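Good morning, and thank you for making time on the agenda.

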Amino acid sequence: FADDDEYLKKLKDKLKEEVDEFIGSDAEEELVDIIEVIYALLDFMKIDKEKIEQSRKNKVKKKGGFKQRIILEEIT
């Protein structure tokens, strides 16, 4: 079994791998893999999934999201 440091590093490496695979394929399955790794990170870090979802919603209200397809070129 991996110790905490090694496990966290492996999860981060796996997240990068899955994101790279999605970028190369646009496959829905790769998005599922990304979510699975994120859920594993949340569990490891003892972060509640509902809390993170609420944080996401709050951030969208405060800073906006991606649905409007606005491209931010720079921040001044």
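Let me begin at the surface. In this predicted model, a patch of negative charge on the surface is formed by Asp3, Asp4, Asp5 and Glu6. One of these residues, Asp4, belongs to helix 1, which covers residues 4-25. Asp4 has a relative accessible area of 54%, and because exposed means over 50%, Asp4 is classed as exposed.

Is Glu18 buried or exposed? With a relative accessible area of 5%, Glu18 is buried, because the limit for that class is under 20%. Beyond its neighbours within four places in sequence, Glu18 is in contact with Glu30, Asp33, Ile34 and Val37.

That list leads us to Glu30, which sits in helix 2, residues 28-44. Which residues does Glu30 contact, once its neighbours within four places in sequence are set aside? They are Glu18, Glu21, Phe22 and Ser25. Glu30 is buried, yet it has no salt bridge. The nearest side chain of opposite charge is that of Lys14, at 7.7 Å, whereas a salt bridge would require a side-chain nitrogen of Lys or Arg within 4 Å of a carboxyl oxygen.

Helix 2 also contains Glu28. Glu28 has a relative accessibility of 63% and therefore counts as exposed. Finally, a remark on distance: Glu28 and Glu74 are 46 residues apart along the chain, and their C-alpha atoms are separated by 30 Å.

Thank you; I would welcome your comments.

Conventions
Residues are numbered from 1 along each chain as its sequence is written. This is a predicted model: local features need pLDDT of at least 70, side-chain atom pairs count only at pLDDT 80 or more; totals for chains, interfaces and linings use all residues. Side-chain values use heavy atoms; hydrogens and water are left out. Patches are made of residues with over 30% relative accessible area and no salt bridge: like charges are joined within 9 Å, nonpolar side chains (Val, Leu, Ile, Met, Phe, Trp, Tyr) within 5 Å. Accessible areas come from the Shrake-Rupley method with a 1.4 Å probe; for residues, only the protein chains shown count as cover. Lys and Arg count as positive and Asp and Glu as negative; His and the chain ends are not counted. The place of a charge is taken as NZ of Lys, CZ of Arg, CG of Asp or CD of Glu. Helices (H or I, at least four residues) and strands (E, at least two) are DSSP runs, numbered from the N terminus. Buried means under 20% relative accessible area, exposed over 50%, partly exposed in between (1.4 Å probe, protein chains only). Contact means heavy atoms within 4.5 Å.
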